[in-house]
Amino acid sequence: MKGVWSMPSKYSEEGVYRIQYSVIKEAEHHCLLHSPIPVNCPIRLLHGMKDDIVPWHTSMQVAARVVSTDVDVILRKNSDHRMKEKADIQLLVYTIDDLIDKLSTVVN
């Protein structure tokens, strides 16, 4: 209860992530998937289906909970948690550019 939780990770040089107990306790106050999420703006959730850290189903749950009606979930079949491949980066850039265009149109 006062220590550190070590979680195995292939993304860390040490092979584990160390998380302070205080961070875990604080996170309990930020659970969002049990009630509507009061965000009402365009939302784009990009998720790799080979993500072994956060299941892609979590993006579907978030999409269902936000109050915004402008929500897209984009699943990348062969992408993992980092989405670091060239095609992933291109999709991220395209998605951001598209949102900027959409929001610029709304403002003008």
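A contact here means heavy atoms within 4.5 Å. Keep in mind that this is a predicted model. With that cut-off, and leaving aside residues up to four places away in sequence, Ser9 touches Gly15, Val16 and Tyr17. You'll find Ser9 in the loop between strand S1 (4-8) and strand S2 (16-20). Is Ser9 buried or exposed? Its relative accessible area is 6%, and because buried means under 20%, Ser9 counts as buried.

Now for the charges. Arg44 pairs with Asp70, their closest N and O atoms being 3.0 Å apart. That pair links distant parts of the chain: Arg44 sits in strand S3 (residues 43-48), while Asp70 is in the loop between helix H2 (57-65) and strand S4 (71-76), 26 residues apart. Arg44 also meets Asp72 in a salt bridge, at 3.2 Å from N to O. Here the link runs from strand S3 to strand S4, across 28 residues. Arg44 is buried at 16% relative accessibility, whereas Asp70 is partly exposed at 21% and Asp72 is partly exposed at 35%.

One more pair to look at: Arg76 and Asp88 form a salt bridge at 3.1 Å, N to O. Arg76 lies in strand S4 and Asp88 in helix H3 (residues 86-107), so this bridge ties together parts 12 residues apart in sequence. Arg76 is partly exposed at 26% relative accessibility, but Asp88 is buried at 2%.

Terms used:
Residues numbered from 1 in each chain as written. Predicted model: local features only at pLDDT ≥ 70, side-chain atom pairs only at ≥ 80, totals over all residues. Heavy atoms only, no water. Helix = DSSP H or I, 4+ residues; strand = E, 2+ residues; numbered from the N terminus. Buried < 20%, exposed > 50% of the residue type's maximum accessible area, 1.4 Å probe, protein only. Salt bridge = Lys/Arg side-chain N within 4 Å of Asp/Glu carboxyl O.
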